[in-house]
Amino acid sequence: MNRLSSPGTMLGRRTLLIGSAALIAGGAAPARARTPARRPDSKAGWIPSGDLVRDLPRLMRIAGVPGAAIAVVDGGKLAWSRSFGVKNILTRDPVREDTLFEAASMTKPVFAYVVMRLVDEKRLDLDTPLVAYRRPANLGKDPNLDLITARHVLGHSTGLPNWASEPLVTSSAPGSRYTYSGEAFVWLQLVVETIMGMSLGSVMQAKLFGPAGMSRSSFGWDEEIASSAVFGHSEPPEGEQTLPPQPTRELGDRLLRVASRWRKPIASWTYDDSIAAMREVDPKTPPSTHDLLVNSAGGLLMTASDYATFMTLMMDRPARAAWEIGDAARQAMLTPQLDVRGRDISRGLGWELEQSSAGPLFQHSGSNYGIFKTLGVGDARRGRAIVVFTNAANGNALAARIVRQATGIDRLKSLV
């Protein structure tokens, strides 16, 4: 099973789940009146209304989403956060402020920010081919591979597949078109580890998590993470209480035995450490990059509040701390590099960009194993953002509903 899904890739769902998604998207009216969506207003913030908060348990029940966390940025600062539901439908443990979710592909903009720090520090050049820094062993025979740069990776124009089980080759010339790729991000992860001489987790802690105060963000797995993290859920038949396989948790628990023997926490593992450990626990199965726990494309475990804290770093403001990326680097992340759906939906460096009815938005969604769904949307000019983390297959529909009602913006992305 793939750890990560490309945008739009979803697991097959039962008829009940499809009906629930239609209802959340605004289909047949429920018995109770729906919470009205807020109208776009340049002065109104994005904190969910009291009506939406009171209605959320009902929406979660209809969507089949046991647990969710929401965090909001207003005025460029973390302004509001709430947790809802349970981490696990069997134990009924509640989701709390410090509960960890799989950020899934929303990991990519966070990693991109650290890459831009290295660019600012002139340790990495956006337009130097990655092979000049590190040539992975899984590259195929393809001259295009020698042309791929960090700019191509962050803008998803490498021509590489999302995930591959065979040697990597491109489907198009780098920079020529949009090709969403987790494999490309893992290659850039290798480059960062090579440049810095340390693991991805250590680099992220030094360059972002520590300075930003993101104390509930990490890669890897340990007993504390296991007890704090949500379980993923698919839509069960009515009345049945079951859990689907939990790939991250199951692999993490197996790898913990290796970490104990090595006396080296998983969070401090390099890519090479991860591959060696996976071979040790399962010698018969070749390790796959999409199963890496320490994974720049989708491996972050964190709270919704920590993610919102990260999004504050993307906001327009007159001054920045010395450790933050410079404004030119921030603007580059928020500037279209490649059209996806014309200029209305494009890719910056790490972020997806949308020209909405309310003005420019930066955003990203995520899906790990089809049972962890996440969404973050921001408005850099107005200093606003909203983050929704969920622990179920239909969490994307719920998150889109929450964002629409909280912001009043009918995003074009909902059509894609």
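First, the basis of what I report. This is a predicted model, in which local features need pLDDT of at least 70 and side-chain atom pairs count only at pLDDT 80 or more, while totals for chains, interfaces and linings use all residues. Residues are numbered from 1 along each chain as its sequence is written, and side-chain values use heavy atoms, with hydrogens and water left out.

The chain has twelve helices and eleven strands; these are DSSP runs numbered from the N terminus, helices being H or I of at least four residues and strands E of at least two. Of its 416 residues, 56% are buried, where buried means under 20% relative accessible area, exposed over 50% and partly exposed in between, with a 1.4 Å probe and protein chains only. Contact means heavy atoms within 4.5 Å. Among contacts between residues at least 6 apart in sequence, 64% join residues at least 24 apart.

Let us turn to helix α3, residues 107-120. The expected span of a helix is 1.5 Å times one less than its number of residues. For the 14 residues of α3 that gives 20 Å, and the end C-alpha atoms are 20 Å apart, which agrees. Because 13 of its 14 residues are buried, α3 is largely enclosed by the rest of the structure. Just after α3, K122 takes a positive phi of about 60°.

Next come the aromatic rings. Rings of Phe, Tyr and Trp (its six-membered ring) pair if their centres lie within 6.5 Å; planes under 30 degrees apart count as stacked, over 60 as edge-to-face and the rest as tilted. The count by this rule is eight aromatic pairs. One of them is the tilted pair of F111 and F185, at 6.1 Å centre to centre and 55° between the planes. F111 belongs to α3 and F185 to helix α5 (residues 182-196), so this pair ties together parts that are 74 residues apart in sequence. F111 counts as buried, at 0% relative accessibility, and F185 likewise has 0% and counts as buried.

A further pair, W351 and F362, is edge-to-face, with 4.8 Å centre to centre and 70° between the planes. W351 lies in the loop between β7 (345-347) and β8 (352-356), and F362 in strand β9 (residues 359-368). W351 is buried at 0% relative accessibility, and F362 is buried at 2%.

The rule here requires NZ of Lys or CZ of Arg within 6 Å of the ring centre and within 35 degrees of the ring normal. The charged end of R249 sits over the ring of F231 at 3.8 Å from its centre.

Which residues touch the most other members of the largest nonpolar core? Among its 92 residues, they are L188, L208, Y307, F310 and W351. Such a core is a set of buried Ala, Val, Leu, Ile, Met, Phe, Trp, Tyr and Cys residues joined through side-chain atoms within 4.5 Å. Another core, of 26 residues, lies apart from it and includes W46, M60, A68 and A392.

Strands β1 (residues 67-74) and β2 (residues 77-85) run antiparallel and are joined by eight bridges; two strands pair if DSSP finds at least two bridges between them. Two residues separate the strands, and G75 in the turn has a positive phi of about 60°.
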